[in-house]
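Hi everyone, thanks for coming. I'll talk you through one structure today, so please keep the picture open while I go.

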Amino acid sequence: MKLDPYINFNFLKKNYKKLSNPEGKIALITGGTGRIGSVFTSIYLLNDFKVYVLSRDQKKFKNLAKNIPASYKKKLHWHEADLKKPDEIIKIIKKIQKKQSIHHLVNCAASHLRGKNIKYNTQNLIDEFLGIIGSNILITEEVIKKMRKQKFGNIINVGSIWGYSAPKFSTYLEMDIGPSLMTSVCKSGIHHFTKYLASREAKFNINVNGISPGWFPRKGKKSRNDYMESIRRDIPLNRIGKLEDLVSAINFLISAGNKYFTGQTIKIDGGHSIW
């Protein structure tokens, strides 16, 4: 099975119905060059947002940008950012916000280990904490300063099914590529972070919500059929996620029509979490 590295922008453009006047026109997306991040980046561009993408790999950004028409690409900006170096990211955000306010923030980036028996020490535990939730908290607290002043903001956090459920390690066969202990713990924290922020920031007209993607296997030229079958057995809809499956939920969260929806995380997992 061939995996899609990014959502197909031309397909999305052809089949996508533009939202009716979403509030704000500047979005900051961490991890906006990844598979799930590419869906956010594309949808915001299609809605005429100016999009700032923060990621570690400029090559990934260039590969993503290749498939975006020039008329949209001119609104797309990239900054190198490593979640393990939050002070550098804060400097970038301050530089951006000197000229304009950020209206939408998507915390999509994650840098984490894989495997069930990671030998943790002080350094790799701190690195993974920063890479999954710590830096996202610091980024959000910086961006939210101007959101409060403008009395509007829309924040979307990307969680995981492993923030709700313990992994079934047999699914991964002999590969040991399941979520690490810190991944599950920190993704659970992301979900509660969403609720906490929604409660704290409601008086400033700032909505905070999240999505929790299920099985959207990591990028690659091919994936093992036996691994895909192992995944499918635990999904009621009997298939893994396609990037297009994320579009409707993201549409709703960034639209102007979700003003009475906050503190919620939408599970997009083919029913995996009901078993």
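This is a predicted model: local features need pLDDT of at least 70, side-chain atom pairs count only at pLDDT 80 or more; totals for chains, interfaces and linings use all residues.

Residues are numbered from 1 along each chain as its sequence is written, and side-chain values use heavy atoms, with hydrogens and water left out. When I say helix or strand, I mean DSSP runs numbered from the N terminus: helices are H or I with at least four residues, strands are E with at least two.

Okay, strand 1. Buried here means under 20% relative accessible area, exposed means over 50%, and partly exposed is in between, using a 1.4 Å probe and protein chains only. In a regular strand the side chains alternate between the two faces of the sheet. Here, Ile-26, Leu-28 and Thr-30 are buried on one side, and Ala-27 and Ile-29 are buried on the other.

Who sits beside strand 1? Strand 4, residues 104-107, runs parallel to strand 1 and is joined to it by 4 bridges. Strand 2, residues 50-55, is parallel to strand 1 too, with 5 bridges between them. (Two strands pair if DSSP finds at least two bridges between them.) Within strand 2, Tyr-52 is the bridge partner of Leu-28. To get from strand 1 to strand 2, the chain goes through helix 2, residues 35-46, and this β-α-β crossover is right-handed. That means that, with the strands pointing away from you, the path from the first strand over the helix to the second runs clockwise.

Now jump to strand 5. Is it buried or exposed? Mostly covered: 6 of its 6 residues are buried. Gly-153, Ile-155 and Asn-157 take one side, Asn-154, Ile-156 and Val-158 the other. Strand 5 pairs with strand 4 in the parallel sense over 4 bridges, and Leu-105 stands opposite Ile-155. The chain passes from strand 4 through helix 6 to strand 5, again as a right-handed crossover. Strand 5 also pairs with strand 6, in the parallel sense over 6 bridges, where Ile-155 has Val-208 as its bridge partner. Helix 7 carries the chain from strand 5 to strand 6, and that crossover is right-handed.

Next, the cores. In soluble globular proteins, nonpolar side chains tend to be buried together. I'm calling a nonpolar core a set of buried Ala, Val, Leu, Ile, Met, Phe, Trp, Tyr and Cys residues joined through side-chain atoms within 4.5 Å. The largest one has 38 residues, and those touching the most other members are Val-39, Phe-40, Ile-43, Tyr-44, Val-51 and Leu-246. Helix 2 gives the largest share of this core, 7 residues. Take Ile-43: leaving aside neighbours within four places in sequence, its contacts (heavy atoms within 4.5 Å) include Leu-12, Tyr-16, Val-247 and Ile-254. There's also a second, separate core of 24 residues, with Leu-28 and Ile-93 among them.

Last stop, the aromatic rings. The structure holds 7 aromatic pairs. Rings of Phe, Tyr and Trp (its six-membered ring) pair if their centres lie within 6.5 Å; planes under 30 degrees apart count as stacked, over 60 as edge-to-face and the rest as tilted. Phe-9 and Tyr-72 have ring centres 5.3 Å apart and planes at 65 degrees, so they're edge-to-face. Phe-9 is in helix 1 and Tyr-72 in helix 4, so the pair ties together parts that are 63 residues apart in sequence. Phe-9 is buried at 2% relative accessible area, and Tyr-72, at 17%, counts as buried as well.

Then there's Tyr-172 and Trp-215: centres 5.7 Å apart, planes at 45 degrees, so that pair is tilted.
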